[in-house]
Amino acid sequence: MKNASIVLAILALILFTACGPMAGSRTSAEQRITDAEWTLNPTQSNMTIEGELPFVSFDLDGDRIATGLGGCNRFSSPVTIGGEGSLIFGEIMATKMACPNLALETRFFDMLKQTNRYELRGNTLVFYRNNLKLLQFERK
């Protein structure tokens, strides 16, 4: 009888473990973020853009990185997305093309580095530093 109880306890543990979230699985917010390319809305981000609009996309499988365009140079950065909308960009690595408005791109990258949380509202993704709105993106 004691052996049967132990076997049942082990089977229950295996069943509960198998039904839990898989390692590397994403939350619904993470899923919605990764399903799009997010283009900067310059008006809502207090930026004047000449040329290509910056954009960001997220790959949260495996390496968990953000990639995109800063306006001239392509970039990538490791990202950490946590509970309650936290979002942290790691070191931003970018190509080094000569750009006519490098100051604007530098400002964009600085705002990414300052980001510590996000909100996702429909087709709008907003990056914040605490409660200060930094950047607003629209689903492409």
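This is a predicted model: local features need pLDDT of at least 70, side-chain atom pairs count only at pLDDT 80 or more; totals for chains, interfaces and linings use all residues.
**Notebook: Ser77 and the strands**

I started at Ser77, which sits in strand S4, residues 74-81.

Buried or exposed, I wondered about Ser77? Its relative accessibility is 1%, so I put Ser77 down as buried, the cut-off for that being under 20%.

Next I checked what Ser77 touches. Leaving out residues up to four places away in sequence, I found Arg64, Ile65 and Ala66 on the list, along with Phe89, Gly90, Glu91 and Ile92. Gly90 turned up again when I looked at polar atoms: its backbone nitrogen is 3.1 Å from a polar atom of the Ser77 side chain.

Then I zoomed out to the whole chain. I got three helices and nine strands, and reading from the N terminus the order is α-α-β-β-β-β-β-β-α-β-β-β. There are 140 residues, and 38% of them count as buried. The accessible surface is about 8600 Å², with 57% of that belonging to carbon and sulfur atoms. I also looked at contacts between residues at least 6 apart in sequence: 41% of these join residues at least 24 apart.

Last stop was strand pairing. Which strands does S1 pair with? S1 (residues 37-40) goes with S2 (residues 55-59), antiparallel, over three bridges. In that pairing, Glu37 has Ser57 of S2 as its bridge partner. S1 also pairs with S9 (residues 132-139), again antiparallel and over three bridges. Here I noted Leu40, whose bridge partner in S9 is Phe137.

Conventions. Residues are numbered from 1 along each chain as its sequence is written. Side-chain values use heavy atoms; hydrogens and water are left out. Helices (H or I, at least four residues) and strands (E, at least two) are DSSP runs, numbered from the N terminus. Buried means under 20% relative accessible area, exposed over 50%, partly exposed in between (1.4 Å probe, protein chains only). A polar contact is a pair of N or O atoms within 3.5 Å; within protein, one must be able to donate a hydrogen and the other to accept it, and residues adjacent in sequence count only if both atoms are side-chain atoms. Contact means heavy atoms within 4.5 Å. Accessible areas come from the Shrake-Rupley method with a 1.4 Å probe; for residues, only the protein chains shown count as cover. Two strands pair if DSSP finds at least two bridges between them.
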